[in-house]
Amino acid sequence: MPPRTHSVPVALPHPALPLADWADCYELLVPGQSTTAILAAKRALGDFPAWVRALMWLRNAIVSPFGLKGSGHQPDGKVEMIGFFPVISQSSEQAVLGFDDTHLDFRIVIDVRQAGELAQRVSVTTLVRRKILLGKIYIAVITPFHRLIVGTMLSRLARPVTVIS
């Protein structure tokens, strides 16, 4: 049976977004593989399934009349992107992605830590600072989809890494 993701508590304030007022975190024990946070982020978030891309397209179509940034917003051409998200910072143990918008600021924090000799624990924390009423409404509407997407993306890390030689 493949490893399952599970929810874990998040302590606020969080260093990646100190003013966050909404957060969730899911983690997965990944046996038999060694990875860094940025590689885990690329595997989990780098290539979304078609149903997620369709949801993001719909989201962008709905929010663009309100002047909100679309997913994949790139502040300038020099920012590294993983999937739809700009990379803010990275180390071997943590990658932080996200951006600030008029209605909310958000961060996705991918943490990787050893869990014994033969496994790593990978967590994905989502942090949101809801700035205005529209941000609160937006989070309330997307939360069920968010949970499904995060669980799906995190579970991709449990698959064996294929090495092409």
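1. At 11% relative accessibility, arginine 107 counts as buried; here buried means under 20% relative accessible area, exposed over 50%, and partly exposed in between, with a 1.4 Å probe and protein chains only. Its side chain meets that of aspartate 100 in a salt bridge with an N to O distance of 2.8 Å, where the term requires a side-chain nitrogen of Lys or Arg within 4 Å of a carboxyl oxygen of Asp or Glu. Aspartate 100, by contrast, is partly exposed, with a relative accessible area of 33%.

2. The model is predicted: local features need pLDDT of at least 70 and side-chain atom pairs count only at pLDDT 80 or more, whereas totals for chains, interfaces and linings use all residues. Residues are numbered from 1 along each chain as its sequence is written, and side-chain values use heavy atoms, with hydrogens and water left out.

3. The sheet is open and has seven strands in the order β1-β2-β7-β6-β5-β4-β3, with antiparallel pairing. At its edges are β1 (6-7) and β3, each of which pairs on one side only. Helices (H or I, at least four residues) and strands (E, at least two) are DSSP runs numbered from the N terminus, and two strands pair if DSSP finds at least two bridges between them.

4. Ten bridges join strand β2 (residues 22-31) to strand β7 (residues 119-130) in the antiparallel sense. Within this pairing, tyrosine 26 has valine 124 in β7 as its bridge partner.

5. Two helices pack on the sheet. Helix α1 (residues 37-45) touches β3, β4, β5, β6 (104-114) and β7, and its direction makes about 120 degrees with that of β6. Helix α3 (residues 133-155) touches β2, β6 and β7, and its direction makes about 0 degrees with that of β2. These angles run from 0 to 180 degrees between N-to-C directions, the axes being lines fitted to C-alpha atoms, for helices over the stretch in contact.

6. Strand β3 (residues 81-82) pairs with strand β4 (residues 85-90) in the antiparallel sense over two bridges, and methionine 81 stands opposite proline 86 in β4. Two residues lie between β3 and β4 in this hairpin, and glycine 83 in the turn has a positive phi of about 60 degrees. Strand β4 also pairs in the antiparallel sense with strand β5 (residues 94-100), over three bridges; there serine 89 stands opposite valine 96, and the hairpin has three residues between its strands.

7. Which residues have the most contacts inside the largest nonpolar core? They are Leu45, Leu97 and Ile110, in a core of 35 residues. Such a core is a set of buried Ala, Val, Leu, Ile, Met, Phe, Trp, Tyr and Cys residues joined through side-chain atoms within 4.5 Å. At least two of its residues come from each of β2, α1, α2 (50-63), β4, β5, β6, β7 and α3. Leaving aside neighbours within four places in sequence, leucine 97 is in contact (heavy atoms within 4.5 Å) with residues including Ala41, Leu45, Phe85, Phe106, Arg107 and Ile110.

8. Histidine 14 is found in the loop between β1 and β2 and is buried, with a relative accessible area of 15%. Its side chain reaches the backbone nitrogen of alanine 16 at 3.0 Å. Beyond neighbours within four places in sequence, histidine 14 is in contact with Val109 and Leu127.

9. Histidine 146 lies in helix α3 and counts as buried at 12% relative accessibility. Its side chain makes a polar contact of 2.9 Å with the side chain of aspartate 24; the term denotes a pair of N or O atoms within 3.5 Å, where within protein one must be able to donate a hydrogen and the other to accept it, and residues adjacent in sequence count only if both atoms are side-chain atoms. Not counting residues up to four places away in sequence, histidine 146 touches Trp22, Asp24 and Thr126.

10. The structure holds seven salt bridges. In one of them the side chains of glutamate 27 and arginine 121 meet at 3.5 Å, N to O. Glutamate 27 lies in strand β2 and arginine 121 in strand β7, so the pair ties together parts that are 94 residues apart in sequence. Glutamate 27 counts as buried at 8% relative accessibility, whereas arginine 121 counts as partly exposed at 23%. Glu27, Arg113 and Arg121 are linked in a network of salt bridges.

11. A further salt bridge joins the side chains of lysine 42 and glutamate 80 at 3.7 Å, N to O. This pair links distant parts of the chain, with lysine 42 in helix α1 and glutamate 80 in the loop between α2 and β3, 38 residues apart. Lysine 42 is partly exposed, with a relative accessible area of 41%, and glutamate 80 is partly exposed, with 32%.
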